[in-house]
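This report describes selected strands, helices and packing in the structure shown below.

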Amino acid sequence: MEQLPLEQKEIFTSNIKDLSGSLEELVTEFQSLLLAKEKQANLEKINHNLELKVSQQAANIRNLERQLEQSQMLHSRVTQALTKGEARLQTLLRNSSDIITIIEANGRIRDQSPSAVERILGYKPEQRIGEFHSDLLHPDDVPAWQAYFARLLKQPGIAPPIEYRKRHASGDWVYLEVIANNLLHDSSINGIVINSRDITERKLSAAALEKSQQQIVNILENITDGFYTLDRNWQFTYVNQKTEDCLQKKRQELLGKNIWDLFPDTANTIFFKQFYRSVSDNVNVKFEGYYPQQNIWLEIEAYPSEEGLSVFFQDITDRKNTQNALQKIHSQLQQQTKLLNTVLSTTPDRLLMFDRSGRLTYINRAGLELTLLSKTCILGKTLEEIGLPPELIKLHNNCWENILATGQSLTAETDFINPRTGHRNYCSYIFSPIVSAKGSIEAVLVTNRDITELKEAEAALRASESRYRIISQITSDFAYSFNILPDRTSVCEWMTEAFTHITGYTPSEIETSGGLQFDCIHPDDVEMLLDQMQSRDGRRKEVSEYRIVTKSGEIRWLWDCRQVVWDEAENRAVGVYGACQDITEHKLVQAKLCETNQVLQGLIKALPLAVVGVDASALVTLWNPAAERIFGWQESEVLGKVLPIVPSAESVKFNAMFQSELAGKAQVAKRCRRRRKDGSLIDIRISTAPLRNAQGLITGTIKIVSDISEVKGKLQQNSNFKSDGAQPFWARYVRIPDLTNN
């Protein structure tokens with residue numbers, strides 16, 4: 001019974017007590033039967049009941065025996081299982097790849113898997129038993145473990161995993177992933193079971209991977225190429241700095257956004273087509289495309305993957321511009337080469353090139369005039385073999401020897417008999433050495449220019465200069481030239497004789513006077529001329545009008561046209577030459593014309609008849625007070641606008657008459673009807689004349705209008721009145737002049 005479990009022992013003891021009680025009752029009853037014979041009759045009955053009870057108790061005893069036997073068997077199995085479990089636990093502790101640790105509530109280690117501790121941390125099991133679990137923790141991880149352990153004590157069961165570092169026996173740090181189970185409530189454990197897994201390699205690999213990824217990110221962020229990645233939904237997943245700069249968007253604006261939504265203008269471009277081809281065909285693509293929104297050229301390489309698309313791009317705008325510039329230069333070079341060949345073949349100068357042996361290597365079309373032979377016959381020949389005139393052969397040989405000796409270009413002039421025409425021609429020569437890269441003379445270029453006409457022109461010029469001197473003495477215009485010194489004073493270089501006729505001064509009197517400082521300039525105009533001289537900032541033409549005081553005291557007007565000579569190196573005017581014209585009579589005419597115009601303006605304003613001027617577009621250019629009074633519109637209301645007085649019913653006739661006026665046909669006393677500002681119609685007589693500009697072209701018309709509404713009846717009774725075309729009554733007092741100017 002001592003080997004039975006506590007519950008089985010209690011049940012077994014209770015049954016024995018019940019059986020003992022039943023036996024005592026039987027003994028009592030048996031004694032009662034013996035003492036009371038009168039109850040003998042019931043003896044059999046009692047015996048029978050006794051037999052029944054004994055049999056029942058015997059059955060109970062047998063049942064208890066069976067239960068005892070079963071309990072013994074169960075205890076044996078539990079004992080065996082416990083023994084095996086203990087063996088397995090010890091085996092697990094000895095052979096587990098993780099460190100299994102049981103710590104008490106105070107944090108001290110009660111038990112620990114020995115092999116794992118020695119393998120992972122390098123300590124013997126006995127070195128750690130009884131020590132605090134937190135002793136080997138990294139100082140930075142102690143606060144996290146303390147908070148974790150405090151939560152673990154408060155709540156039984158398994159806690160979430162935690163990671164920390166422990167110091168290896170060698171001094172290195174080992175990364176552990178820990179899962180703790182609070183079993184303090186379990187009497188069989190009465191502790192906290194901690195499973196620690198070594199994740200050092202994983203941590204180091206993760207750190208190495210993170211470092212590698214960071215290196216990749218650093219490389220991608222610092223490369224000169226732009227780089228970005230797209231997922232399968234065409235959304236940005238990574239963007240480097242160069243891409244931000246190129247697309248002019250921050251990566252927060254790009255990441256997670258669809259590229260075609262952000263840049264819809266690229267949907268129908270080469271970018272869209274090539275990207276889709278790369279993804280759909282799973283091929284790498286490389287192409288160039290122009291992005292007009294940024295005005296740049298991009299060279300793009302795209303690589304598909306399971307995740308999406310990786311895109312490298314480079315701004316090749318400078319390269320494209322260089323290529324275009326090179327193509328342009330090449331095209332220009334071809335054009336210039338073609339132009340040079342055209343120029344050389346069409347230039348009137350005769351060009352010949354000879355090598356060091358004196359043989360002809362090039363001749364242009366004009367050069368063939370020096371010989372009767374064709375080009376194919378003379379190339380590679382000497383001067384004698386070509387058959388040039390003897391005087392030219394002699395000149396060539398002398399100059400050739402001089403060039404070989406000095407290496408300098410030479411110029412010369414000579415005359416010769418042209419073999420093709422038989423006439424004597426004059427020509428100028430330029431002998432230019434052609435030097436190789438090593439500095440040696442390898443050929444000579446001969447330029448032969450026909451100066452026969454120039455010689456004739458020089459003779460003609462000498463004759464012309466003689467005539468010019470005669471003409472300059474009698475003409476009213478004079479020319480001059482002044483040199484401007486650094487201090488801005490002017491020195492007369494030359495002056496034509498007409499200057500003396502106009503001013504009364506001789507050129508010798510102004511030779512060193514300095515032009516503008518000369519006494520002949522009117523005092524009121526000196527400041528204006530000085531301002532013009534001070535404001536000179538480059539080579540340009542100057543035109544001015546000013547007055548002079550002649551030697552006799554007369555005031556005359558001059559129109560002066562000057563050309564400034566500018567020295568770029570000194571950045572100043574170094575000279576001025578020009579011509580002056582006496583415009584005194586013209587100025588007097590202008591003054592008279594101005595006076596006449598003022599009188600005419602006053603007459604137009606005072607005239608009782610309406611005077612209206614229009615240009616070729618029927619826009620009003622003149623509207624006198626009488627026109628305001630007759631038609632009701634003020635001058636400010638109609639100037640620059642279409643003539644408003646023509647009613648719609650008269651528009652066809654007006655247009656026909658206006659076109660006739662623009663054709664030069666004047667209208668005299670034309671009767672018609674016109675509209676006032678208030679809408680009423682009046683009868684008028686109108687006479688017109690064309691207005692012409694200085695070139696004689698018709699630019700508009702002028703109209704003189706009289707209101708005949710009030711005197712219509714009287715005019716009809718007047719026997720002198722005639723039909724359209726006759727003169728109106730005011731024609732006897734007002735005459736329309738023939739206007740030939742504005």
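## Strand S22 and its partners

In this predicted model, strand S22 pairs with strand S26 (residues 698–707) in the antiparallel sense, over 6 bridges. Within this pairing, Ala610 has Val705 of S26 as its bridge partner.

## An open sheet of five strands

A further group of 5 strands forms an open sheet with antiparallel pairing, in the order S8-S7-S11-S10-S9. Its edges are strand S8 (236–239) and strand S9 (285–291), each of which pairs on one side only. From one strand to the next, the twist averages 25 degrees. Strands of a sheet pair through backbone hydrogen bonds, either parallel or antiparallel.

Inside this sheet, strand S7 (residues 226–231) and strand S11 (residues 308–315) are joined in the antiparallel sense over 6 bridges. Leu230 has Leu309 of S11 as its bridge partner.

## Helices on the sheet

Helix H10 (residues 270–281) packs on the sheet and touches S7, S9, strand S10 (296–304) and S11. The direction of H10 makes about 160 degrees with that of S9. Helix H11 (residues 317–346) lies across S9, S10 and S11.

## The largest nonpolar core

The largest nonpolar core contains 24 residues. Those with the most contacts inside this core are Leu352, Leu360, Tyr429, Phe431 and Val446. At least two residues of the core are supplied by each of the strands S12 (350–355), S13 (360–363), S14 (410–417), S15 (424–435) and S16 (441–450), and likewise by each of the helices H13 (383–386) and H14 (390–406). Helix H14 provides the largest share, 6 residues. In soluble globular proteins, nonpolar side chains tend to be buried together.

Which residues does Val446 touch, not counting residues up to four places away in sequence? On that basis, Val446 touches Arg350, Leu351, Leu352, Phe354, His396, Tyr429, Ile430 and Phe431.

Definitions and conventions:
Residues are numbered from 1 along each chain as its sequence is written. This is a predicted model: local features need pLDDT of at least 70, side-chain atom pairs count only at pLDDT 80 or more; totals for chains, interfaces and linings use all residues. Side-chain values use heavy atoms; hydrogens and water are left out. Two strands pair if DSSP finds at least two bridges between them. Helices (H or I, at least four residues) and strands (E, at least two) are DSSP runs, numbered from the N terminus. Axes are lines fitted to C-alpha atoms, for helices over the stretch in contact, and angles run from 0 to 180 degrees between N-to-C directions. Contact means heavy atoms within 4.5 Å. A nonpolar core is a set of buried Ala, Val, Leu, Ile, Met, Phe, Trp, Tyr and Cys residues joined through side-chain atoms within 4.5 Å. Buried means under 20% relative accessible area, exposed over 50%, partly exposed in between (1.4 Å probe, protein chains only).
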